[in-house]
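Please report on the strands, cores and pockets of this protein. Keep it brief and keep to what the coordinates show.

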Amino acid sequence: MSSALGSGSLVESALAERTRANGEFYGVEAERLARLCHRMAERFARGGRLVAIGRSPAARSDVRHVAVEFVHPVIVGKRALPAIGLSREGGSLPAQAELIAEPHDIAIAFGTDEPDGGETIEALAVAKGRGCQTIAFSRCGAEWEFEPPSEDPFVRQELAETLYHVLWELVHVFFEHRGLLEGREAGPVHDTGASSFLYPFLSEGETGLETVIEDVRSNVVMKADEVGKLRERTITGSRSALVEAAEALRSIFEAGGKALVFGNGGSATDAMDLVADLRAAPRGWQARPALDLTEDPSILTAIGNDIGVEAIFLRQVIAYGQEGDAAVAISTSGNSVNLIEALSEARKRKLVTVAFVGYDGGRIADEGLADHVILTPSQHIPRIQEAQASAYHALRELIELG
């Protein structure tokens with residue numbers, strides 16, 4: 001299938017599967033997610049931490065993503081919550097869990113449904129044995145199991161990403177209702193502070209757990225619907241850009257070139273994920289050469305310390321980029337200076353440039369810094385990231401099947 005018509009059909013099919021699975025999954029699981037938020041808040045209030053566990057390259061990207069979201073909140077009014085990522089860099093996952101996991105912690109596992117998921121399942125069991133609350137996305141003995149209703153590994157991962165974003169966003173509701181947390185006394189009212197514009201129901205009294213659970217459940221459904229609509233706007237609105245970018249990347253790979261992929265924060269973990277999908281190819285696809293420019297902390301900290309964070313990707317493009325390669329930037333804003341500098345350098349070196357951007361595309365779109373721009377038109381960072389994951393997964397599929 002190589003025609004534009006065939007590629008368009010593939011895009012439509014991918015979108016339809018995501019729409020079906022998203023509606024089914026969150027329609028069923030919204031109430032359980034609300035109750036899980038409550039239980040997680042109780043553990044955080046007692047000094048617990050979120051411990052993310054995963055072994056495979058794709059699972060590692062989710063481990064890093066969920067950790068950075070909880071530790072470095074990007075929404076006004078959200079507190080930083082302790083989260084730790086355990087992946088293959090630290091050695092045996094069960095051994096790491098034995099050393100790190102504590103009784104009040106929450107352990108969330110990724111990749112338990114993968115062929116090499118046994119080590120992750122064993123680590124989760126260790127955490128559970130130490131008293132941790134456990135969360136997973138397959139039937140593996142976790143206390144809270146959420147099985148995505150799709151056989152497509154990309155769709156399963158995207159549903160999981162929305163789930164942990166929702167947990168991160170809505171666990172804070174229960175901090176504002178302190179009297180609903182085990183071991184704490186209710187007060188008549190509470191101050192919502194900077195969160196009030198996001199969640200008006202927080203100004204209610206600290207009584208009536210079931211009322212708050214229902215409010216949170218409704219919010220889960222709303223957020224799932226929001227990302228479903230944004231995913232559609234992203235993929236349909238940027239269909240031509242996705243197809244053209246896939247054709248360009250396929251030509252680069254077939255000619256012996258490589259992709260350099262980069263982003264900041266949560267977008268850095270998306271860069272990890274896209275590189276994992278290229279190099280550790282799913283479904284028996286051909287592995288493709290790609291470098292994750294966010295991967296080496298010694299390089300990032302050396303450049304950041306000696307020159308400045310604006311140069312952390314620029315210097316690597318200079319070191320690795322050659323004519324016939326591609327530079328792929330992922331950004332929620334389109335305004336990150338270090339991405340702009342790297343894309344500008346890539347242009348000078350005659351690399352093909354691809355950008356996934358949110359908001360209105362920012363400077364990357366305005367200044368024409370990318371040959372192929374995939375736009376996610378939103379200002380809500382978690383939803384942007386979720387829709388971008390669908391878009392770069394569609395890109396990966398188009399490279400092989402388009």
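Strand β4 (residues 133-136) runs parallel to β5, and two bridges join them. Within this pair, Ala136 stands opposite Glu145 in β5. Strands here are DSSP E runs of at least two residues, helices are H or I runs of at least four, and both are numbered from the N terminus. Two strands count as paired if DSSP finds at least two bridges between them.

This is a predicted model: local features need pLDDT of at least 70, side-chain atom pairs count only at pLDDT 80 or more, and totals for chains, interfaces and linings use all residues. Residues are numbered from 1 along each chain as its sequence is written, and side-chain values use heavy atoms, with hydrogens and water left out.

**The five-stranded sheet**

β4 and β5 belong to an open sheet of five strands in the order β2-β1-β3-β4-β5, with parallel pairing. β2 and β5 (144-145) stand at the edges with a single partner strand each, so one side of each has no neighbour in the sheet.

β1 pairs on both sides. Four bridges join β1 to the parallel strand β2 (residues 83-86), where Val51 stands opposite Ile84. Five bridges link β1 to β3, again in the parallel sense. There, Ala52 has Ile108 of β3 as its bridge partner.

Buried means under 20% relative accessible area, exposed means over 50%, and partly exposed lies in between (1.4 Å probe, protein chains only). On one side of β1, Leu50, Ala52 and Gly54 are buried, and on the other, Val51 and Ile53 are too.

**The cores**

A nonpolar core is a set of buried Ala, Val, Leu, Ile, Met, Phe, Trp, Tyr and Cys residues joined through side-chain atoms within 4.5 Å. The largest one has 47 residues. Those with the most contacts inside it are Met40, Phe44, Leu50, Phe70, Phe110, Phe146 and Phe174. At least two residues each come from α1 (4-45), β1 (50-54), α2 (57-71), β3 (106-110), α5 (153-176) and α6 (209-237). α5 gives the largest share, 13 residues. Another core, of 31 residues, lies apart from this one and includes Leu249, Val354, Ala389 and Ile399. In soluble globular proteins, nonpolar side chains tend to be buried together.

Phe110 has contacts (heavy atoms within 4.5 Å) with partners including Ala52, Ile53, Val63, Val66, Phe137 and Tyr164, leaving aside residues up to four places away in sequence.

**Around β8**

β8 is mostly covered as well: six of its six residues are buried. Ala326, Val328 and Ile330 cover one face, and Ala327, Ala329 and Ser331 the other. β8 pairs with strand β6 (residues 259-263) in the parallel sense over five bridges. It is joined to strand β9 (residues 352-357), also parallel, by six bridges. Ile330 is the bridge partner of Gly263, and Ile330 also stands opposite Phe356 in β9.

Asp325 sits in the loop between α10 and β8. With a relative accessible area of 3%, Asp325 is buried. Its contacts include Ile252, Lys258, Tyr320 and Val352, not counting residues up to four places away in sequence. Ala319 lies in helix α10 (residues 314-320). At 57% relative accessibility, Ala319 counts as exposed.

**The pockets**

A pocket is an open set of points on a 1 Å grid over the protein atoms alone, where a 1.4 Å probe fits, with protein on both sides within 12 Å along at least five of seven lines; lining residues have an atom within 4 Å of a point. Its volume is the space filled by probe spheres set on the points.

| Pocket | Volume | Lining |
|---|---|---|
| Largest pocket | about 500 Å³ | 25 residues |
| Second largest pocket | about 300 Å³ | 17 residues |

In the largest pocket, Ser56, Ala58, Asp113, Glu114 and Pro153 lie nearest the centre. α2, α5 and α8 (266-279) each give two or more lining residues, and α5 has the largest share, five residues. The lining divides into 14 nonpolar, four polar and seven charged residues.

In the second largest pocket, Val74, Asn264, Gly266, Thr332 and Ile381 lie nearest the centre. Its lining divides into six nonpolar, ten polar and one charged. Ala, Val, Leu, Ile, Met, Phe, Trp, Tyr, Cys and Pro count as nonpolar, Asp, Glu, Lys and Arg as charged, and the others, Gly among them, as polar.
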